[in-house]
Amino acid sequence: MNWAFDARIDGRYIHCSLTCDVAIDDPVFCFSLMAPGQVMSGGELVTQTGNYMEVRLPDLAANAPHDLVIAYANPKHVPTNRAWLPLGPVVRHAKGIGALPPLPAGVRDATLEIQPTFRGLRLVPAPVTWTAYGGEMKFASLAADHADIARADRLADRLGLPRLVTQDGTPCRVTKDDGLPPGGYALDIAPNAIDIAAADGDGAFHAAISLLVLRATHDGLLPCGKISDHPRFGWRGFHLDCARHFFAPEKIRRLLDLMALMKLNRFHWHFSDDEAFRLEIDCFPELWQRSAFRGQGELIPGLFGGGVRSGGSYTKTDVAGIVSHSASLGIEVMPEIEFPAHALALNRVIPGLRDPHDTGTEESEQGYRQNVVNPALPKTWEVVEAIASEVAGLFPFGHLHLGCDELPRGAWAGSPAVDRLKQTESLDTRDDVQGWAMERLAAHVENLGARPAAWEEAARGKNGGIGHGALLFCWTGTAPAAELAKAGYDVVMCPAQHVYLDMAHTPDPDDWGASWAAFVGLEDTIAWDPLPENSKLADRIVGVQGCFWAEFTTEDSQFEPMVAPRILGVAQMAWAPDHGMTGTEFRDLALAVAPVFDAIGWAWHSGA
Ligand code: TNX
């Protein structure tokens with residue numbers, strides 16, 4: 001049995017054509033979209049879970065194409081590119097399940113003729129100062145016996161770069177300079193020697209990273225001169241959504257290696273969401289056992305993946321491995337558990353976290369029903385506190401991100417238990433209830449000795465919601481982040497319009513990615529100010545973080561060219577001082593630095 005499948009965008013509509021070379025009885029077409037869809041003609045919706053749909057088609061005659069027209073349910077969602085076409089398409093029929101040939105997925109590279117014209121130091125993040133002496137030195141490796149430089153040497157080896165440390169390398173002196181800021185370093189490149197001064201181990205590591213990058217981008221012929229450098233922000237993060245798409249531990253370690261090359265130092269690990277809970281915790285083993293794989297006949301249907309059972313979970317050994325790998329790179333790991341929304345998987349596996357008398361019909365942003373837990377029920381606290389305790393205990397960084405994004409409108413409105421809670425706690429609105437719940441969970445986290453963190457919505461509600469001890473991640477824009485900083489919260493900037501790397505790079509229909517926040521070109525990643533309203537808020541704005549969400553990542557290979565080269569912009573904003581580089585200048589610099597991606601075999605999007 002052979003299938004042919006094609007789909008194309010026609011304005012608001014998506015025309016699908018399905019053909020089989022034998023007759024098919026009772027066909028049901030199963031697939032996901034980027035957001036909830038609807039059938040316009042050619043089939044009948046059987047079931048829908050969020051973005052996942054099953055559509056009954058008429059019996060198919062052999063070799064006769066069948067046309068199905070679908071659209072996004074929300075007319076604001078206009079299909080933009082190939083990532084908006086049916087994902088993970090399969091047909092279930094009287095004789096079994098047939099996977100349709102997937103549409104060409106992933107970033108189609110524009111393969112531009114690239115001639116970098118950049119004439120300066122080919123290093124991103126750009127250093128605080130660079131003074132060229134004139135002349136060049138031929139550089140292959142360092143002769144250094146230093147633990148932090150050895151960390152960079154091991155990184156080079158893992159990435160397939162030449163070793164950084166060899167006995168016959170360039171003589172290198174490493175000295176400690178307490179006058180430098182934390183993580184700071186000075187790197188002096190003379191014709192016959194290299195001197196490194198560093199404030200601390202991180203500083204020496206950063207100097208070695210600069211050498212690794214410069215060696216790749218200057219093709220082994222380093223310009224002589226002096227770099228003086230230190231990070232602008234203490235939190236230089238990258239977030240990876242491993243719930244929507246399972247990234248195996250070795251893929252995560254590879255991302256961590258790239259982060260280190262970009263001088264990023266915080267990994268925000270998102271492994272719990274509506275679609276899966278992937279951490280192998282002991283307190284509720286059924287949680288990951290029953291949600292980590294989805295597909296036909298599973299508790300969670302084949303969201304984003306169609307019919308084939310797919311997924312995975314992380315063992316405690318995986319976690320320990322990721323934590324120690326991170327530590328060797330100067331990266332701390334912050335796990336996230338999602339509360340009180342984005343909890344469809346939790347609700348499906350563990351009953352009793354919703355008020356049975358709740359008459360609400362709220363729907364989440366992603367089209368899910370029943371993806372919120374109810375904070376008025378003792379069982380909810382029993383479960384969520386146990387999860388928080390166990391997860392926090394696995395991560396030595398001592399930060400636990402509690403989620404708190406996108407509470408659906410109308411959540412708890414029909415819950416008598418929440419009505420009673422409102423009375424006893426003097427709460428008026430849905431936001432008050434959420435704020436009360438976040439404050440309570442944050443107190444639990446603090447009792448565990450960890451710092452609570454959450455998405456920006458956690459500050460909503462009476463008395464400032466989660467409380468001022470928490471670290472907030474602001475994703476909707478820089479203005480709301482500035483408001484929260486003014487209100488006394490520590491914030492990390494991750495504005496979707498600039499650093500959400502799941503957004504498409506361009507409006508090109510042959511590109512790949514979402515667009516709800518913006519098309520995010522390379523220039524856009526630096527076209528914003530992480531310290532809005534001058535530096536008055538500097539104490540409260542503690543960092544910058546790029547985020548990668550994985551709804552439409554159906555194959556690992558789609559990931560790398562979404563990340564590169566745009567991660568350069570994230571790194572630049574997180575580390576470098578504000579030196580007013582224009583988008584064009586940055587593009588030029590990025591092109592000159594891109595050989596580092598080639599050197600480590602990381603696919604990058606040259607049309608970004
Ligand atoms: C919004 S950003 C979400 C995620 C989605 C993302 C897609 C945020 C805190 N919530 O659940 O994956 O948009 O870009």
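**Pockets and cavities**

Trainee: How do the residues of the lining of the largest pocket divide into nonpolar, polar and charged?
Mentor: This is a predicted model. Its largest pocket is lined by 29 residues. They divide into 12 nonpolar, 8 polar and 9 charged.

Trainee: Which residues lie nearest the centre of the largest pocket?
Mentor: The pocket holds about 770 Å³ of space. Of its 29 lining residues, those nearest the centre are His77, Glu365, Gln366, Glu406 and Trp516.

Trainee: How much space lies in the second largest pocket?
Mentor: Its lining counts 31 residues. Nearest its centre lie Gly88, Phe304, Gly305, Thr554 and Glu555. The space in this pocket is about 480 Å³.

Trainee: Which element supplies the largest share of the lining of the second largest pocket?
Mentor: Two strands each supply at least two residues: E8 (87-93) and E21 (310-311). The largest share is 4 residues, and the strand that gives it is E8.

Trainee: What is the volume of the largest cavity?
Mentor: Apply a cut-off of 30 Å³ or more, and the structure holds 3 cavities. The largest of them has a volume of about 110 Å³.

Trainee: Which residues are closest to the centre of the largest cavity?
Mentor: The lining has 13 residues. They divide into 9 nonpolar, 2 polar and 2 charged. Closest to the centre are Ser272, Phe277, Glu338, Leu346 and Ile387.

Trainee: Which residues line the second largest cavity?
Mentor: This cavity has a volume of about 50 Å³. The lining is made by Leu522, Pro565, Arg587, Ala590, Leu591, Ala594, Trp604, His605, Ser606 and Ala608.

Trainee: How many residues of the lining of the second largest cavity are nonpolar?
Mentor: Work from the other classes. The lining has 2 polar residues and 1 charged. Arg587 is in the lining, and Arg counts as charged. The nonpolar count is 7.

Notes. Residues are numbered from 1 along each chain as its sequence is written. This is a predicted model: local features need pLDDT of at least 70, side-chain atom pairs count only at pLDDT 80 or more; totals for chains, interfaces and linings use all residues. Side-chain values use heavy atoms; hydrogens and water are left out. On a 1 Å grid over the protein atoms alone, a cavity is a set of points where a 1.4 Å probe fits but cannot get out, and a pocket is an open set with protein on both sides within 12 Å along at least five of seven lines; lining residues have an atom within 4 Å of a point. Grid points are joined across faces, edges and corners, and a volume is the space filled by probe spheres set on the points.
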